[in-house]
Every structure is written in structure tokens, then in C-alpha cells.
Amino acid sequence: MDYTFGPCKPTELFQLVELANRVFRAKRPGDMGSEYPLVFEGQNVENLRVARYGDRLVAHVGICLREAHLLGAPVRVASIGAVATDPDHRGRGLASRLMADARRQAIEHGASLMLISGDRGLYHRLGYVEVGLFQQYRVPAGPAEPGYSVDEYQDDDLPALIALYQSEPVRFFRPASDWHKLVAAGMLMNQPADIRVIRHGNAIVGYAGIQRPQSGAEAARVREVAGSRSALAAVLPGLAAQYGAEAAEVVVWGSDAEWRAHAALRGWEWSPAPFPGTVGIIDPERFLAAVRPLVGERAGDTLQLEAVGEGARLTAGGQSFVLETMGQLTALVFGGDTDAARSVPLLPDRVRQAVDTVFPLPLLWYGYNYV
């Protein structure tokens with residue numbers, strides 16, 4: 001019997017969730033369908049790419065398509081998750097074929113950037129890379145600084161949280177309908193989580209999404225923040241203490257100068273952190289067109305970028321260089337303290353000088369959009 005491939009049918013959605021649960025929830029409680037409502041919902045079945053063996057679903061790659069903003073540049077993003085194969089059907093290339101199908105589907109629907117929640121060898125073989133210039137800070141538990149209060153999230157807080165998230169320079173476009181689903185799911189980057197609302201007087205000035213520490217965990221992991229960095233710095237020690245943790249861990253963009261200043265004043269240490277998964281610029285022409293105004297703002301007309309196959313030609317000062325692969329282009333654009341970023345080919349001097357004025361760009365952080 002041969003395998004067949006295509007989108008999940010609405011009548012198969014229950015069976016698909018059962019497959020995902022067998023693969024991802026065999027050793028822990030939970031239900032993938034309710035935990036990831038942006039993926040496993042009826043209106044998204046076209047983007048749930050599956051392999052069938054007879055009338056049985058045996059492999060899956062899920063796509064969640066959303067708009068995003070990189071410093072004002074509009075980018076359509078395909079987030080990939082719940083990549084699963086029935087144990088009895090592994091080793092037959094089903095995941096590779098579905099990943100190729102997912103890339104085609106994403107490009108056909110306007111996506112130029114793909115984020116994958118995993119770093120399996122499969123993804124690296126397909127050209128996706130670990131990149132991203134993030135910093136993870138460790139904030140020791142202690143008393144909160146005066147002037148701020150922290151409350152549990154209430155439904156009435158949502159408009160203020162949406163406005164705070166909208167002010168972030170790098171973010172997903174997350175409409176209220178998505179917010180309602182994600183808050184109800186109670187998950188943040190694959191872990192049960194809480195939202196804590198930060199107030200100064202009666203005004204909501206920030207929020208923090210915190211993974212609930214598991215038994216024996218030493219840190220409360222803050223995996224999404226928005227709003228005032230001074231308010232966040234003031235309350236994080238107290239939040240860690242509320243959870244009975246030794247510290248809070250918070251991940252921020254390396255370009256977040258305001259947070260860095262507050263952290264430095266308090267002597268908080270950090271370590272480099274890449275994006276939690278693998279990344280690829282899957283449509284170079286569309287992606288480069290989206291960021292071209294940003295490139296011009298930083299470099300004027302000194303650097304020209306032209307899509308070439310899966311990579312790009314870089315031209316500056318009469319010199320040119322071609323990045324031949326998706327991985328090379330993605331690593332150049334987003335950088336990071338990773339093997340992929342360190343493996344970008346040596347560029348001609350004038351090209352390198354122009355490139356250094358533009359890249360790396362800050363990469364999206366999943367937060368509540370993790371799939």
C-alpha cells in the first residue's frame with residue numbers, strides 16, 4: 001500500500017490530534033489540540049500537512065501562518081510545529097517529504113520566513129539553521145522594588161496587553177481572537193504558564209508570561225514580556241520569590257538597549273541564547289523586498305541585495321559576493337553566537353563594511369506564538 005500526502009480533512013482532525021498526543025504527550029499529561037489552538041483548529045486544516053497509509057494518518061507537519069513586523073518591515077511567517085511520525089512508519093522519509101510540502105504551501109501563501117520549533121538533524125539537512133542574537137538574563141529572587149504592583153491576569157486587562165505588545169519593535173501580528181485562544185490554552189513555549197500584569201498606580205505598564213516552575217526547578221522562566229523595561233526590572237526579583245524559585249530567567253533581544261541598561265545597573269549576568277529552534281528565509285526575493293526600506297535606512301544606497309536562487313547577491317563599493325544557500329543568507333541576516341552565524345563566508349572588505357551597518361536584524365521570538 002502506498003502513502004498519500006495532502007492537507008488534513010476536517011473529519012480527520014480528531015485523528016490527527018490523537019497522533020500528536022501519542023508522539024508528544026505519551027510521557028506527560030496534556031492535549032495537543034487544546035494546547036495549540038492556532039494549529040489544531042478547523043479553519044487551519046489546509047495547513048496541516050499529513051501522510052496517510054490507507055485511511056490512517058501516520059505523519060504530520062503543522063503550519064501556522066501569521067503576519068509579523070521586524071522593526072516596521074512586514075514579513076509573513078510560517079511557524080512549523082507538531083512534526084510527528086507514527087513510530088511504526090518512521091525511517092521512510094515521510095517527515096522530509098512533508099517538510100518540503102510545507103515549504104511549498106507556505107511560499108504559495110505568501111510566507112518568506114520559516115520558524116521551526118526544533119533543531120532535529122532533519123531540519124539542518126534541509127538547510128534550516130540556528131541563529132538569533134538574544135540574551136538570557138538571570139535575575140536573583142528578592143523583594144520587588146517599590147512603586148509597582150503585580151497582579152494575575154484578568155480578562156479586562158486584555159486591551160492594555162494588546163496595546164503593550166503592539167508597541168514592541170519586533171512582534172507577531174496577534175489579533176484579539178488569537179489572544180483569547182492563547183490565554184485560554186494556558187501554554188507558553190510548550191509549558192504551562194501564567195500571565196502577570198505589572199501596574200504603576202492604576203496604569204498597566206507591562207506584563208510577563210512566566211512558565212510555571214516544575215518541581216525542583218531553580219528558575220521561573222519568563223518567555224514573553226512587553227511594556228516598560230524599568231517596571232519589569234523592578235518586579236522580576238519579587239516574581240521569582242512568589243514562585244519559590246531561586247531566580248527568574250528572562251530572554252530579550254540583544255538590541256534591547258533599555259533592558260541592558262537596567263540590568264547592568266543591578267549587576268545581572270547574561271548569556272547568549274539563539275532562537276529556540278531553526279530558521280530559514282524560504283523566499284529570498286519576497287523577504288529582501290520587505291526589508292529593503294530598512295536596509296536603505298541603515299545603509300543608504302551603499303548596499304544592494306538581490307535574490308539569487310535560495311541565497312542572495314550582495315554588492316557594495318564595486319564588489320559583489322553571492323551567498324549560495326538559504327542557511328548562509330539566514331545566518332547573515334539574523335546573526336547570533338551560533339555555528340551557522342560563524343560559518344558565513346568571508347565577504348570582500350567593502351561588502352563586509354556595508355553589511356555590518358545593516359545586519360544582524362533582530363529575529364522574532366516565539367513567546368505565545370510558539371507552535
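**Pockets, strand pairing and aromatic contacts**

The lining of the second largest pocket divides by class into six nonpolar, five polar and four charged residues. This pocket belongs to a predicted model, and the space that lies in the second largest pocket comes to about 210 Å³. Of the 15 residues that line the second largest pocket, Thr85, Arg90, Gly91, Ala95 and Arg120 are the closest to its centre. Strand β4, helix α3 (94–108) and helix α4 (121–125) each supply at least two residues of this lining.

The largest pocket has a volume of about 270 Å³, and of the 18 residues that line the largest pocket, those closest to its centre are Phe24, Ala82, Ser117, Tyr370 and Val371. Its lining is made up of twelve nonpolar, four polar and two charged residues. Strand β4 (residues 73–85) accounts for the largest share of the lining of the largest pocket, with four residues, and β4 is also among the elements that supply at least two residues each to the lining of the second largest pocket. Tyr370, named above as one of the residues closest to the centre of the largest pocket, also takes part in an aromatic cluster together with Tyr36, Phe275 and Tyr366.

Strand pairing was then examined around strand β13, which spans residues 247–253 and is mostly covered, seven of its seven residues being buried. Strand β12 (residues 219–227) pairs with β13 in the parallel sense over four bridges, and within this pairing alanine 219 has alanine 247 of β13 as its bridge partner. Strand β12, helix α7 (residues 229–242) and strand β13 together make a β-α-β unit, which is right-handed.

Strand β13 also pairs with strand β6 (residues 134–140), in this case in the antiparallel sense and over seven bridges. Phenylalanine 134 has tryptophan 253 of β13 as its bridge partner, while arginine 138 stands opposite glutamate 249 in β13.

A contact between side chains accompanies the pairing of β6 with β14. The count of aromatic pairs in the model comes to eleven, and one of them is formed by tyrosine 137 and tryptophan 270, whose rings are 6.4 Å apart centre to centre, with 40 degrees between the planes, so that the pair is classed as tilted. Because tyrosine 137 lies in strand β6 and tryptophan 270 in strand β14 (residues 269–273), the pair ties together parts that are 133 residues apart in sequence. With regard to accessibility, tyrosine 137 has a relative accessibility of 3% and therefore counts as buried, whereas tryptophan 270, at 46% relative accessibility, counts as partly exposed.

Note on methods. Residues are numbered from 1 along each chain as its sequence is written. This is a predicted model: local features need pLDDT of at least 70, side-chain atom pairs count only at pLDDT 80 or more; totals for chains, interfaces and linings use all residues. Side-chain values use heavy atoms; hydrogens and water are left out. Buried means under 20% relative accessible area, exposed over 50%, partly exposed in between (1.4 Å probe, protein chains only). Two strands pair if DSSP finds at least two bridges between them. A crossover is right-handed if, with the strands pointing away from the viewer, the path from the first strand over the helix to the second runs clockwise. On a 1 Å grid over the protein atoms alone, a cavity is a set of points where a 1.4 Å probe fits but cannot get out, and a pocket is an open set with protein on both sides within 12 Å along at least five of seven lines; lining residues have an atom within 4 Å of a point. Grid points are joined across faces, edges and corners, and a volume is the space filled by probe spheres set on the points. Ala, Val, Leu, Ile, Met, Phe, Trp, Tyr, Cys and Pro count as nonpolar, Asp, Glu, Lys and Arg as charged, and the others, Gly among them, as polar. Rings of Phe, Tyr and Trp (its six-membered ring) pair if their centres lie within 6.5 Å; planes under 30 degrees apart count as stacked, over 60 as edge-to-face and the rest as tilted.
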